[in-house]
Amino acid sequence: MPLIQSAPSYQPPFWLPEGHTQSMYTALFRKIPHLTPRRERLILSDQDFVDLDWYVDAPLSDKPLLIISHGLEGSSQAQYVRGLVKTMIAQGFNALAWNFRSCSGVMNNKLRFYHSGATEDLEEVIQTCVDRGANCIYLAGFSLGGNLTLKWLGEQGQNHPNLIRKAVAFSVPLHLSSSSRKLARRENGLYTHRFLQTLLSKAKEKAVLFPTAVDVAILQRIKTLREFDDVITGPLHGFKDAEDYYEQNSALYFLDKIQVPTLVVNAQNDPFLSPECLPASLASTWKNVFLELPTQGGHCGFYPSDYRGTLWSEQRAMNWFLNKETINYVE
């Protein structure tokens, strides 16, 4: 019997009445007290790098470690990442927030970037933590980082490291193809414009570094994220086109293989998510993945009506990790 609703569920303030305002207010106006991480550049096996932000005040073997993966064109400094860091270090956790390739403010070295299913980088980050003594690891992912986290867990299946205790993912485009169509709608033009600004800027920088691999002329014609994935993300990462990339990397196809207790929270009014990303009818087929579909919340929003520095999603993650929850089940 999979979990589909927790009590109490998220209730927004009256002045954030729908998904767009709930998404944008938290992203634009929420302030997090300053946290100072220790930044480390991790050299990957292909000699590229990712930058890690560590929040550690004890050896990795002495405290549980939370590893957080951010969303599309986000970073380790996104408010939703730092907010969860703040919440969990107050509960006695160490935390690591990592930046995908090209997302730390410094362009990565290789032609490739990151993408929704690039689990090999998450694998290297986790293995680094294990090699350094971590023996109790929790995972969290937001949006694209949620898809990445869920796909990695599904790929591990029965072979997952026993030290992975639990995972949580918020606002996840579980079905990438239909989610890309949803984002292409006129009412979501602001989000598309914001993402494309930075993605196209990065692609143009890659075109300078690798002039035979990236066609600048094609970049001028890209108007949607699907078009970007069709000519940049897909081909640069070994996929035929956008649809091939989406089908091979959608976390929806990996959820039934996950062996770690995992909570997925997707708001029904999330402007990024298609109906396929809210798969209530499939939830009963998953043994270890628990799905919550609050009616409100937006995309990585969840700003509560009684806000005191912590988002509802951060409280929800904390309760999930620490087993402090009241659960309603359905048959």
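Tutor: Happy to. Let us start with the term itself: a salt bridge here is a side-chain nitrogen of Lys or Arg within 4 Å of a carboxyl oxygen of Asp or Glu. Please keep in mind that this is a predicted model, in which local features need pLDDT of at least 70 and side-chain atom pairs count only at pLDDT 80 or more, while totals for chains, interfaces and linings use all residues. Residues are numbered from 1 along each chain as its sequence is written, and side-chain values use heavy atoms, with hydrogens and water left out.

Asp121 forms such a bridge with Arg112, and the closest N and O atoms of the pair are 4.0 Å apart. Asp121 and Arg112 are both buried, where buried means under 20% relative accessible area, exposed means over 50%, and partly exposed is in between (1.4 Å probe, protein chains only).

Now turn to Arg101 and Asp48, whose side chains meet in a salt bridge at 3.0 Å, N to O. Arg101 sits in the loop between strand E5 (94–98) and helix H3 (119–131), and Asp48 in the loop between strand E2 (38–43) and strand E3 (49–55), so this pair ties together parts that are 53 residues apart in sequence. Helices (H or I, at least four residues) and strands (E, at least two) are DSSP runs, numbered from the N terminus. Arg101 and Asp48 are both buried as well.

A further bridge joins the side chains of Arg226 and Glu243, at 3.0 Å from N to O. This pair links distant parts of the chain, with Arg226 in helix H8 (residues 225–236) and Glu243 in helix H9 (residues 242–249), 17 residues apart. Arg226 is partly exposed, with a relative accessible area of 23%, and Glu243 is partly exposed too, at 31%. Through shared partners, salt bridges also join Asp46, Asp48, Arg101, Arg112, Glu120 and Asp121 into one network.

The structure holds 17 salt bridges. For the charges behind them, the protein has 32 positive and 33 negative side chains, and the centres of the two sets lie 4 Å apart. Lys and Arg count as positive and Asp and Glu as negative, whereas His and the chain ends are not counted; the place of a charge is taken as NZ of Lys, CZ of Arg, CG of Asp or CD of Glu.

Leu111 is worth a stop too: its place is in the loop between E5 and H3. Leu111 is partly exposed, with a relative accessible area of 25%. Leaving aside residues up to four places away in sequence, Leu111 touches Lys206, Phe210, Ala213, Val214 and Leu236, a contact being heavy atoms within 4.5 Å.

Finally, the wider setting. The secondary structure of the protein comes to 10 helices and 10 strands. Its radius of gyration, 19 Å, is close to the 20 Å that the globule rule gives for 331 residues, so the protein is as compact as a globular protein of that length. That radius is taken over C-alpha atoms, and the rule is 2.2 Å times the number of residues to the power 0.38. Buried residues make up 60% of the 331 residues. Among contacts between residues at least 6 apart in sequence, 78% join residues at least 24 apart.
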